[in-house]
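Please look through the structure shown here before reading the notes that follow. They go from the whole chain to one of its residues.

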Amino acid sequence: MNRYLFSLVFSLFGMSIWAGPLKQSDIQKFAVALYAVTSHYVDTVNSEKMVDNAIVGVLEKLDPHSIYITKSEVKKMNEPLEGSFEGIGVVFQMMEDTLLVIQTISGGPSEKVGIMAGDRFVMVNDSSIAGVNMQNTDIMKKLRGPKGTSVRVKVLRRGVKDLIEFKIVRDKIPIFSLDAAYMVDDEIGYIKINRFSSTTFAEYKTAFEKLKKKGMKSLILDLQDNGGGYMSAAIELADDFLSGGKMLVYTEGANQLKETHESTAVGDFESGNLVILVNESSASASEIVSGAIQDWDRGVIVGRRTFAKGLVQKPVALPDGAQIRLTVARYYTPTGRCIQRPYKENLKNYNKDLIERYNHGELMHEDSIAFPDSLRYQTLQLKRSVYGGGGIMPDIFIPLDTTKYTDYHRNIVAKGVLNKFVLNFLDKERKKLSRTYPTDDNKGEKSFEKFEKEFFISDEVINDLVKEGEKEGVKLDSAQLATSKDLIKLQIKAMLARDLWDTSEYYKIMNVENPIYNKGVEILKSQSLYNSCFEDRKRNSKAKK
């Protein structure tokens with residue numbers, strides 16, 4: 001038996017002690033089968049790839065979230081959750097075979113040496129990256145590297161005749177999980193979190209303290225499209241809203257004893273009015289937070305039923321550096337609701353659930369959502385009815401608004417026309433915009449307010465966008481353009497704001513047309529409306545037969 005197969009069998013035997021009753025005869029059976037194939041099969045086989053495929057085959061029969069990750073993918077998948085990577089600190093876009101710098105990360109290596117938004121990278125070390133049709137991943141390989149190492153770049157800058165050369169020393173670059181934080185009015189704060197990483201709670205606390213100093217008394221926590229992450233980060237965040245001794249979440253599995261997590265006595269926002277925004281893409285850790293808040297009647301959940309991903313994965317390192325993320329338990333809210341939706345009966349169709357929700361009408365009509373009485377629970381303070389069966393059903397349902405979305409709009413976005421157009425527009429108008437709306441620390445906030453009130457996208461700009469679309473094969477549909485025009489104008493303005501300032505300004509503009517956000521603001525502006533959200537009401541749901 002070759003060395004690779006021997007080490008695999010040995011590792012499986014060791015894991016059998018860790019995982020439970022795995023018969024030695026089963027290990028031998030698996031090893032003999034692998035040995036037979038590698039030794040006697042008619043064609044040459046790649047034993048390493050064969051073992052990888054065998055592991056994938058085992059896992060995909062278990063549940064939708066137990067997965068195998070190759071050695072090369074492990075680090076890449078962990079970076080967003082660990083909160084940093086090592087590189088030069090730029091946000092870039094490949095445009096016309098040139099790397100265009102969209103932003104430099106504040107305090108990062110590129111900003112320190114003088115790289116500016118709008119710069120175009122022509123060369124990296126001795127290699128040309130302009131006009132060679134390189135993929136983003138290939139560019140990233142050249143720019144990323146261990147902290148302390150250096151990379152030389154040559155930059156083309158608008159208004160400067162010759163290329164500018166920079167030597168950039170790579171460093172740790174933060175990956176932020178907080179997209180936006182701003183004051184909606186004098187008393188309502190808004191914080192949007194895109195994932196739950198190792199740095200999420202620290203980012204949240206920094207943003208929270210800034211908003212509190214500005215007079216925040218009520219908070220909108222936006223978890224729309226937040227697919228989850230670390231359970232520990234979700235527990236820290238939920239703890240900040242609840243007084244001590246309250247269960248936040250518990251986990252349990254066939255081979256894992258029940259493990260409960262309770263709130264501590266330390267929390268900075270245990271009494272202010274709280275609204276949490278969710279939708280069908282809010283999952284896992286997002287559901288832990290919203291489930292705990294709902295079960296304890298601590299805040300109002302607004303939006304649409306969440307994704308329903310409530311399985312706990314444990315990383316298992318394999319001998320070659322690869323990894324299994326194995327489901328070991330399920331999440332349960334404080335009332336005992338299982339967050340995970342059923343998957344045993346039809347595992348193949350599990351990932352089609354959101355499409356089925358749309359086709360069934362659930363995203364548009366609350367009365368299309370059916371809950372059996374057997375899955376009805378009562379909240380822990382006010383004894384309101386809430387339901388299990390998968391996901392968190394919001395207290396206030398907001399239907400999906402598709403009135404401004406058309407095939408024409410989808411095509412100019414999906415084919416990159418809108419993004420490319422905005423980058424070109426900004427490249428030409430950056431100096432003029434910066435003079436009119438200064439973005440430095442002293443004037444940035446006031447000038448954004450001016451931009452928000454005074455800057456509008458003209459029909460002439462839209463006509464230019466249409467021409468760019470036609471060049472990219474997106475044929476004009478006048479009726480559909482008329483339907484989507486206001487949305488397209490809003491998106492262009494928001495994208496310009498993001499590139500001139502940051503993502504907070506992007507969401508401040510886009511949220512104007514977000515009905516879930518607007519309902520959250522409406523609720524927090526009226527104490528009587530906020531209070532009425534906690535009244536037990538009969539949901540427009542039908543009992544399953």
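Accessible areas come from the Shrake-Rupley method with a 1.4 Å probe, and for residues only the protein chains shown count as cover. By that method the chain exposes about 27900 Å², of which carbon and sulfur atoms supply 51%. This is a predicted model, in which local features need pLDDT of at least 70 and side-chain atom pairs count only at pLDDT 80 or more, while totals for chains, interfaces and linings use all residues. Residues are numbered from 1 along each chain as its sequence is written, and side-chain values use heavy atoms, with hydrogens and water left out.

**The whole chain**

- The secondary structure comes to 18 helices and 21 strands, these being DSSP runs numbered from the N terminus (helices: H or I, at least four residues; strands: E, at least two).
- Along its principal axes, the C-alpha trace of the chain spans about 75 × 65 × 50 Å.
- Of the 545 residues, 47% count as buried, where buried means under 20% relative accessible area, exposed over 50%, and partly exposed in between (1.4 Å probe, protein chains only).

**Residue D427**

- D427 is found in helix α12, which covers residues 417-436, and D427 is buried, with a relative accessible area of 10%.
- Leaving aside neighbours within four places in sequence, D427 is in contact with G118, R120 and R158, contact meaning heavy atoms within 4.5 Å.
- Although D427 and G118 are 309 residues apart along the chain, their C-alpha atoms are separated by 6.0 Å.
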